[in-house]
Amino acid sequence: MSTTTPTTASRSLSLSKPPFDCPVFSLKASLIALRFQVFKFQVFSLTSIPPEEQKIFGSDDDRLVSDDSDLASICDRLRLVSVTDEVKQEDNSVDQNVELAMSDEELARMLQAEEEALVFQQFAASEDRSQMEARIRPYVDQVLMYEDPNRQDAARNTVPVEKLEEKALVALAKEGNFKPTKSEEDYAFLLQLLFWFKQSFRWVNAPSCDSCGSETVGSGMGTALSSETLYGASRVELYRCTICSRTTRFPRYNDPLKLLETRRGRCGEWANCFTLYCRTFGYESRLVSSLLEYFVGFAAKTLAKIVSWVTSHFLKLEPEVGERKRSLYFWSTQECNIFIHTISLFQVLDFTDHVWTECFSPSLGRWMHLDPCEGIYDNPLLYEKGWKKKLDYAIAFAKDGVYDVTKRYTRKWHEVLSRRTITPEPILSTILSNIRRELRQNLTSQVIATLEERDRNEAAAIERDLHSKDDASISLPGRQSGAKEWRISRSEFGSDEICSPSSSSCPVRKCVDEHVTKIYNAFFPVISHFVEKSCSKSRAVEVLQIFRRILVDLKNSPFRGRKTSINSVSNGAQYVFHQMLPSFSQLFDALSLKCESNANGKVDIYLADDPVKTSIALPVLFHALDDVMHNVNVLYNINKDSLSWPLLKLNRICSGLALASGEEFPFGIITSAFDGTRLSKWEEPNGARGCWIIYKVLDNKMHELVAYELMSANDVPERDPKDWVLEGSDDGGSSWRVLDKQNSQMFKNRFERRAYKIASVGFLANAFRFRFLAVLDARENNRLQLGSIDLYARS
């Protein structure tokens, strides 16, 4: 038997040489009547060709296979073409380049499990399509609200667009991309929109008392008021105050227009409102709802139906079975599993769900998962792998289609399939196809053709990913949103230690930090002027504070046109600053700023180059300036001895390549330790008992390391490094020499910088390695974190 698939198929299917004897490949006359439909869904699983679009022919006489008896009679002579009878050959080179993660035997076993689930589904699922359709239809109406111009205008007015655009461009610049394409900018803006939404929307476990603001406890459900139903609140939760005993209402609004005002809710409200934001800024978006259906017992007639079927199909007499001729037929593994599935249905469980968003990314060329409640993106296995959630259905709703995207969110499809008992797969497929047709009926044929092509590409990609192996180096967190007790009750808690996606197999990352080194070096003429003019400590700090206020004015101005002015004065610290402006010129250059005197005697400060260069450098200068003022204050006085490290931090090594034993996404990656700001940190999720960083110098340039600084991060002192070894290599990392060793170190404050000088001299290295051996407290903590690392070379 041979099978030919059109270009939409994700892989070829050959049933002529099964890897072992399993029911998937056994097409004998004894198969039950439902087996033909099961077979078509198995073909769909491997080729992405929907059952209703398949035509299966006998290869000798091109006879159309229409039922199970036909299939049994020609099981060795089958071929598959599309419904249009157009057979397109796959590019063999593509198949050769695809590395299948599963062996033939693994794949066959998985397909066997799928068939078991499909056979079982025919008896467990209801033929009545109304239940599933009733679940789906409200979401269709929901997503059409996102196309309303009034709702979009209201959403746009709540977003700090320019701030998010600046953050998006800075994020790209930190990766070395100062000239992004439009699609790259859009992708970066979408992520900033997600992070902003995560901070601006509020999760509600139980609302605070409307009267006194105290905690409340649930007291049941109430009847919605007309003012609440106006915005789709068909359900209203009631809560009683633990202090004043008054009742607080929590309407579950469905209209995102109202949610723009309340800015609170649970996953339904979060995803609902965030998807509106995505549509407002032009992203092709979907609202994705996971439907988890469990049964509260079975009706007696359903039980009778299952028992009857089990009896008639499993406890039967076989006419010819060798030595066991006319004896009782023994159950196969498949049949036992089906019976176990049947019994498991009688667990008394409930109905629950989760809702999130998908957006199409032109830069990635595919749909991307975004969960606004968690602030996590492009990690579709978050729920199955991180939350340990048992998904049943994940249905995506858009203005031009409804899609079953469950396979994107699982690597255990056969297990998921066994739980999909609301309706049989053919009925679900028909429901979704009909709704898609309705939503597209007013579109042009060209637009429909484009959508259908993208649908086929998506289906093929999902099938490829479904059969790929999970990346074991990626750790995904349990659920973070919601009260701890509630998450535990849903078995979605995960670990306290894992709060974000993390990896133990990190890529080599380029440090985009030349601006940090320029800023550090640019303080030399400023400090030198203080020494030359014998400034007091207090006057020096006053001058630096004036400079800081100027930077604040610049920071608060629109980032694409930053500018400010300085008035001329005749005395005081302001006058000294004016006299010192030439000494600050290197700092202005490091910020990509220009200073010019105008006709009114004022000094204008404005952008000299790409505004993103100023945006990425400003936070560094703020933090460096704070460190300089702190170091000036601790001096006895300012003199020539002050022109040394650590007040002056010259010759900082920059622009190298960094690699770490582990990191956290997206804010705890290794380059965060070299970006010069307090706003970020490197986090090693499993570093408490040992981890490492390797830093390779740009262009293999040789440096003699004379000192280094480590800065503690923003929180959790228990994660601070305590013991470490610093090594250098003169051959790019093939061999290492110990440069410094520290034990029992303690950071007394957050953002504290600790400086260390290298005792050994004369060793030139082009790579450096930190081996962190222990953290302050590894008993209750698995992590290590650092705010920054700075390496200083001899001049």
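Analyst: Arginine 156 has 33% relative accessibility, so it counts as partly exposed; that label sits between buried (under 20% relative accessible area) and exposed (over 50%), using a 1.4 Å probe and protein chains only. Keep in mind that this is a predicted model, where local features need pLDDT of at least 70 and side-chain atom pairs count only at pLDDT 80 or more, while totals for chains, interfaces and linings use all residues. Residues are numbered from 1 along each chain as its sequence is written, and side-chain values use heavy atoms, leaving out hydrogens and water.

The partner of arginine 156 is aspartate 153, and their side chains meet in a salt bridge at 3.3 Å, N to O. By salt bridge I mean a side-chain nitrogen of Lys or Arg within 4 Å of a carboxyl oxygen of Asp or Glu. Aspartate 153 is partly exposed too, at 40% relative accessibility. Both residues belong to helix H6 (residues 149-156), three residues apart, which is about one turn of the helix. The spacing makes sense, because an α-helix has 3.6 residues a turn and residues three or four places apart point the same way. For the labels, helices (H or I, at least four residues) and strands (E, at least two) are DSSP runs, numbered from the N terminus.

Aspartate 404 and arginine 420 meet through their side chains at 2.5 Å, N to O, in a salt bridge. Aspartate 404 is in strand S13 (residues 401-404), and arginine 420 is 16 residues away, in the loop between helix H15 (413-419) and helix H16 (425-439).

Four bridges join S12 to the antiparallel S13, and two strands count as paired if DSSP finds at least two bridges between them. A hairpin of two residues connects S12 to S13. Strand S12 (residues 393-398) is mostly covered, with six of its six residues buried. Tyr393, Ile395 and Phe397 are buried on one side, and Ala394, Ala396 and Ala398 are buried on the other. In a regular strand the side chains alternate between the two faces of the sheet.

Arginine 769 lies in strand S29 (residues 767-775) and glutamate 727 in strand S25 (residues 721-729), so the contact ties together parts 42 residues apart in sequence. Glutamate 727 counts as buried, at 6% relative accessibility. There is also a network of salt bridges with shared partners, joining Asp513, Asp627, Lys649, Arg652, Arg678, Glu709, Arg753 and Asp790. Overall, the structure holds 54 salt bridges.
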